[in-house]
Amino acid sequence: MTSTHAHEDPNSRGPAAALGLPSPDGFEGSPWTVAQHQAAVAAGAVEEAMCRALAEDRAEDDITTRWAVADGTRGHAHIVTRQAGVIAGTAIPAEVCRQLGHEVAVTEHVQDGDRVRAGQVLFTLDGSAREIISGERTALNFLQRMSGIATAAAAYAEAVAGLPVRILDTRKTAPGLRTLDKAAAAAGGMSNHRLDLAAMVLLKENHIAAAGGVTAAIAAVRECNTQGVAVEVEVASTAQALEALSAGVEWIMLDNMPLDDMRDIVTQRGPVGPRLEASGNITLEAVRAVAETGVDAVSVGAVTHSAPAFDLSLLMTPATPAGKVTRAGADGRPAQGL
């Protein structure tokens with residue numbers, strides 16, 4: 001069955017669309033996730049990831065901190081930015097402290113998707129100095145990765161501002177961290193695309209080669225697809241694209257195609273028909289030109305597989321040992337970067 005939806009402007013459908021966040025698309029089997037990224041994080045991904053990371057770091061047996069910092073010492077710390085960008089992963093510090101013993105109160109001054117400036121305080125931590133120090137690296141590792149992804153995603157979303165196109169993420173995520181990586185991408189303004197191999201059908205070049213061609217691969221899928229799952233097919237030439245257009249799939253991925261070829265396929269598709277996704281080594285410098293061909297979406301794997309870590313620090317003021325009173329740090333200035 002050929003899809004006949006019109007290709008609307010995703011930037012004109014309310015606050016969620018204006019932020020580049022996922023929203024319903026009005027046809028069965030849509031691969032664009034309808035839940036907000038916060039819901040994905042709330043599904044236990046943060047708790048599971050922190051548990052694995054703290055176990056890997058053997059945080060419960062931090063001999064340096066246990067031997068150097070007296071039990072009962074109270075600490076006051078801030079997590080601050082060293083660059084401007086977009087923050088993601090704001091649930092991380094509190095979950096790290098919860099798993100380490102519930103002895104640190106974490107105050108969040110930002111939310112996922114917030115834009116921040118260099119030097120801004122993101123979190124305040126008060127409580128056990130041992131707990132703050134032992135959990136520092138785990139918390140920062142995740143915050144730096146997720147905020148780096150969110151900042152890169154925002155740059156791509158901004159590059160195509162005003163155009164009726166979405167920037168999609170991919171499955172090129174860190175093993176075991178896909179939910180968090182995709183949550184970070186959505187926080188920065190991208191749309192989540194195909195969460196896993198069961199979410200939709202995506203016939204790539206190796207499927208097509210093994211099945212005997214585009215038409216044969218689509219026909220084989222159609223025989224088994226009794227649930228109306230959305231089907232996307234990757235094509236590398238105009239001829240393959242026209243073959244896919246005639247087969248009536250919901251999506252066609254234009255892989256590493258010249259701009260002129262993409263424009264031609266958009267024209268031949270017309271105002272209704274399969275959604276067209278451009279993909280393949282698309283850089284920030286090139287993404288707007290790709291979007292201007294008239295495709296409906298552009299997928300970018302680099303946002304999740306190569307985003308630079310966001311520059312953050314945890315800074316602690318001089319601590320108060322158990323049973324003692326000190327005036328050190330009374331001015332509130334951070335004394336050291338841990």
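As for disulfides (pairs of cysteine sulfur atoms within 2.5 Å), the structure holds zero. A disulfide is a covalent bond between the sulfur atoms of two cysteines.

A quick word on the ground rules. This is a predicted model, in which local features need pLDDT of at least 70 and side-chain atom pairs count only at pLDDT 80 or more, while totals for chains, interfaces and linings use all residues. Residues are numbered from 1 along each chain as its sequence is written, and side-chain values use heavy atoms, with hydrogens and water left out.

Now for the overall picture. The chain has 12 helices and 13 strands; these are DSSP runs numbered from the N terminus, with helices being H or I of at least four residues and strands being E of at least two. Of the 338 residues in the chain, 48% are buried. Contact means heavy atoms within 4.5 Å, and among contacts in the chain with a separation of 6 or more, 70% link residues 24 or more positions apart.

Strands pair if DSSP finds at least two bridges between them. Strand 7 (residues 201-203) runs parallel to strand 8 and is joined to it by three bridges, with Leu203 opposite Val233. Strand 8 also pairs in the parallel sense with strand 9 (residues 251-255), over four bridges, and here Glu232 has Trp251 as its bridge partner. Between strands 8 and 9 the chain passes through helix 9 (residues 238-247), giving a right-handed β-α-β crossover. Right-handed means that, with the strands pointing away from the viewer, the path from the first strand over the helix to the second runs clockwise.

What about helix 9 itself? Its buried residues include Ala241, Ala244 and Leu245, and the buried residues of this helix pack against helix 8 (214-224), strand 8, strand 9 and helix 10 (259-269). Just after helix 9 comes Gly248, with a positive phi of about 75°.

The pattern carries on with strand 10 (residues 275-279), which is largely enclosed by the rest of the structure because five of its five residues are buried. Arg275, Glu277 and Ser279 point one way from this strand, and Leu276 and Ala278 point the other way. Strand 10 pairs in the parallel sense with strand 9 over five bridges, and Trp251 stands opposite Arg275. Strand 9, helix 10 and strand 10 make a right-handed β-α-β unit. On to strand 11 (residues 297-299), which pairs with strand 10 in the parallel sense over two bridges; Ala278 has Val298 as its bridge partner there.

Finally, the core. A nonpolar core is a set of buried Ala, Val, Leu, Ile, Met, Phe, Trp, Tyr and Cys residues joined through side-chain atoms within 4.5 Å. The largest one has 81 residues, of which Val233, Ile252, Leu254, Val295 and Val298 touch the most other members. Helix 5 (residues 129-159) supplies the largest share of this core, 13 residues. Not counting residues up to four places away in sequence, Ile252 touches residues including Val233, Ala241, Leu245 and Leu276.

Key
Buried means under 20% relative accessible area, exposed over 50%, partly exposed in between (1.4 Å probe, protein chains only).
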